[in-house]
Amino acid sequence: MRRRRFTPPYLALAPVCAGVFLAADDQTVVVTVLPEIIRDMRLGPYEIDSAAWTITGYLLGYVAAMPLIGRLADILGRRRLFIASMSLFMAGSAAVALAPSLGWLVGARVFQAVGAGALVPIAIAIVGDLFPEGRRGIPLGIVGASAEAGAVVGPLWGGVVTGYLDWQWVFWLNIPLGALVLVSLPFLLAPSPARRARVDYLGGVLLAVSLSALTLGLARMGDPDMIAAACLAGAALAFALFVVRERAAAEPLIRPLMFRSRAFVGSAVTHLMVGGSLIIGMVTVPLMANTVMQMTPLEGGLLLMRLTAAIPVGAVIGGAACQRLDYRVPAAAGLLLAALGFLFMSGWGGRVEEPWVTLHLAASGLGFGLLIAPVGLAAINVVSAAERGAAAAMVTAARMVGMTLGLAALTAWGSGRFDALVAGVEVPFQLAGETAEEARLRSIEFEAQVTDAGITLFNEFFLAAMAVALAALIPSLLMARNRRAEDAA
């Protein structure tokens, strides 16, 4: 016990960050292994849309159980729940590797993501256990950097592994790597105390159903139908029942008093909007690269990495700033920097020269990174130690919901807007009496008009991302440091 008691807090945090990195890696690794999965399972062209559920299913599992597991971590102990969540993630990884069919694989991805999604909020709560209030900025930035770095490395890791081994090894390798985390945790991280309290499982199920139905409904908004409408209606009904349940429960899953804190509400709403702005940028950059810029998928991925690779750097800088400044200062700087990057991107054409393309992307990435620590600190420092897991889970889930909302809005608005932009463009069919040279010139003009429409659309996407980032400045103003509340926590 003496060894655990005197373990330096940053050393104790090391296996936690390793687990967060590993889980975040699997959130994006499937992007590069999906073609191999489609080929291995002999899926036809009509089944490719179904294969995309390997990504959507992970998002679904990632967000659905997060609030309930965050609350369980507060009651049963954070180290214990971190170990349980890591074990669940490893078991899900084995199930994915063994999948004999697409349906099995999607279900295993959901199962895997339930464990992975719990690791980030539990890690944020562990920071609150290991470090006093005034020293939580840098370690929280490191946790955020670990999550973002895992997401950046994921596609590259998948490409490296599948270059030498079958795609299943991407998931088999999670088991020995995860085992290293599990073995080191008991030696480096002391257990947090368990608490006598009831767990509102019914409330947790209702909230999970609401978040799951919302995710499923929004995922279909690109081509809305009755299923999408039913999912959104079910999400609203389940959330209404959750609110009723929380008001009646003796020990609610999420205490209503938590939402009376301006700092907590500000952090949750800010993270919701940040998720929406970030996903618009992350989708638009490679899409623009692969179409109007005529880059290969690899080149488009490397272009996006100039944004995503800057996020972990910004996370550490933002954490350091939070130890000296009011949380609103790095938060505002991050939002303004992200918006400025998107403003410059909205001026991109069919080709952007260096170093400007890197500077624009890195500015937005750095800005998003600066936000990670202040948002997390504003949430966990205004609640008691017994509620940090639940608070961190709610704020983390808000970002995932924001990403889902942003992607749905982008899909629904983008197709209609592009149709409007090309409404007056005539397809260059061969005309009677037209020479081959005249037909070629009309074809070139048609391609130029379609390209101009695409550039206009992508520029508007970047402007939308900028607008959402700027709008997030309003709720971020609520994230003022409340010294009295922090000291009480």
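A residue is termed buried when its relative accessible area is under 20%, exposed when that area is over 50%, and partly exposed in between. The model under discussion is predicted.

1. Phe-342 has a relative accessibility of 0%, and therefore counts as buried under that cut-off of 20%. Phe-462 is likewise assigned a relative accessible area of 0% and is buried.

2. The ring centres of Phe-342 and Phe-462 lie 6.3 Å apart with 20 degrees between the planes, so this pair is classed as stacked, the limit for that class being under 30 degrees. Phe-342 belongs to helix α17 (residues 328-345) and Phe-462 to helix α20 (residues 436-471); the pair therefore ties together parts that are 120 residues apart in sequence. Through ring pairs, Phe-342 and Phe-462 also join Trp-348 and Phe-368 in a cluster.

3. Buried residues of α17 are Pro-330, Ala-331, Gly-334, Leu-335, Ala-338, Ala-339, Gly-341, Phe-342 and Met-345. Because these residues cover an arc of only 165 degrees around the axis, they lie on the same side of α17.

4. In total, the structure contains seven aromatic pairs. One of them joins Phe-239 and Phe-242, with 6.0 Å from centre to centre and 35 degrees between the planes, and is tilted. Both residues are located in helix α13 (residues 226-248), three residues apart, or about one turn of the helix.

5. A nonpolar patch on the surface is formed by Leu-156, Val-160, Tyr-164, Leu-165 and Trp-169, which together have about 570 Å² of accessible area. Which helix gives the most to the nonpolar patch? Helix α9 (residues 137-164) does, with three residues. Tyr-164 is found in α9, and its relative accessibility of 75% is over the 50% cut-off, so Tyr-164 counts as exposed.

Notes. Residues numbered from 1 in each chain as written. Predicted model: local features only at pLDDT ≥ 70, side-chain atom pairs only at ≥ 80, totals over all residues. Heavy atoms only, no water. Phe/Tyr/Trp six-rings, centres within 6.5 Å; stacked < 30°, edge-to-face > 60°. Helix = DSSP H or I, 4+ residues; strand = E, 2+ residues; numbered from the N terminus. Buried < 20%, exposed > 50% of the residue type's maximum accessible area, 1.4 Å probe, protein only. Patch = residues over 30% accessible without salt bridge, like charges linked within 9 Å, V, L, I, M, F, W, Y side chains within 5 Å. Areas by Shrake-Rupley, 256 points an atom, 1.4 Å probe, with all protein chains shown as cover. Salt bridge = Lys/Arg side-chain N within 4 Å of Asp/Glu carboxyl O. Arc of directions from axis to C-beta.
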